[in-house]
Amino acid sequence: MARKAALTLLVVRHAQSPATVKNILAGRIDPTPLSEAGVKEAHVLTPVLSDFKPQLVLSSPLLRCRQTLAGAGVVDPVLDERLIEMNYGRWTGKNLKRLSITPSWRRIQKEPQNFIFPGGEGFMDAEKRIRDLITEIRSGIFERIAIFTHGDVARIMINLALCRDLNA
């Protein structure tokens, strides 16, 4: 029986948006376009992707990811809802500095695995949708896949790849 080649993923967080500059937890606010600096960052990805030679490009459907793709010269990506940013519920659109002084913030830093954003999604819910995507990817035919997503989703993917729980 022939052994399937190793799966290689290139996970890219979208380029800078004005929300990033303003320390705003953008979450699923859409459209949140790239900043001028973000557009330049996206163009820097062109040679990286060219060297990586992905057979498939998957992306969150949010505008900041789609603009990062376009700036990097990617045409015809597959948009996948499972790569969308976490649902931060009532924290969406809030200033990160203000959130960082709340007792909930300390809890999320210490034990994200047990945290559910008020009126939003829990890390375990996000991990399940990402785990489902990775299981699907592993059963497919592609060996080199580029994934354009968001910060927390990328962190969850990395923890899954390293077989670590989110509290590690």
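Relative accessible area, computed with a 1.4 Å probe on protein chains only, divides residues into buried (under 20%), exposed (over 50%) and partly exposed (in between). S100 has 30% relative accessibility and therefore counts as partly exposed. The model is predicted: local features need pLDDT of at least 70, side-chain atom pairs count only at pLDDT 80 or more, and totals for chains, interfaces and linings use all residues. Residues are numbered from 1 along each chain as its sequence is written, and side-chain values use heavy atoms, with hydrogens and water left out.

**Surroundings of S100**

S100 sits in the loop between α4 (96-99) and α5 (103-110); helices are DSSP runs of H or I with at least four residues, strands are runs of E with at least two, and both are numbered from the N terminus. A polar atom of the S100 side chain lies 2.7 Å from the backbone oxygen of K97. Beyond neighbours within four places in sequence, S100 is in contact (heavy atoms within 4.5 Å) with W105 and R106. R155 is 55 residues from S100 in sequence and 19 Å away in space, C-alpha to C-alpha.

**Pockets**

| Pocket | Volume |
|---|---|
| Largest pocket | about 650 Å³ |
| Second largest pocket | about 230 Å³ |

A pocket is an open set of points on a 1 Å grid over the protein atoms alone, where a 1.4 Å probe fits, with protein on both sides within 12 Å along at least five of seven lines; lining residues have an atom within 4 Å of a point. Grid points are joined across faces, edges and corners, and a volume is the space filled by probe spheres set on the points. The largest pocket has 29 lining residues, with L25, Y88, G151, D152 and R155 nearest its centre. Helix α7 contributes the largest share of that lining, five residues.

Definitions and conventions:
Polar contact = N/O pair within 3.5 Å; in protein donor to acceptor, adjacent residues only side chain to side chain.
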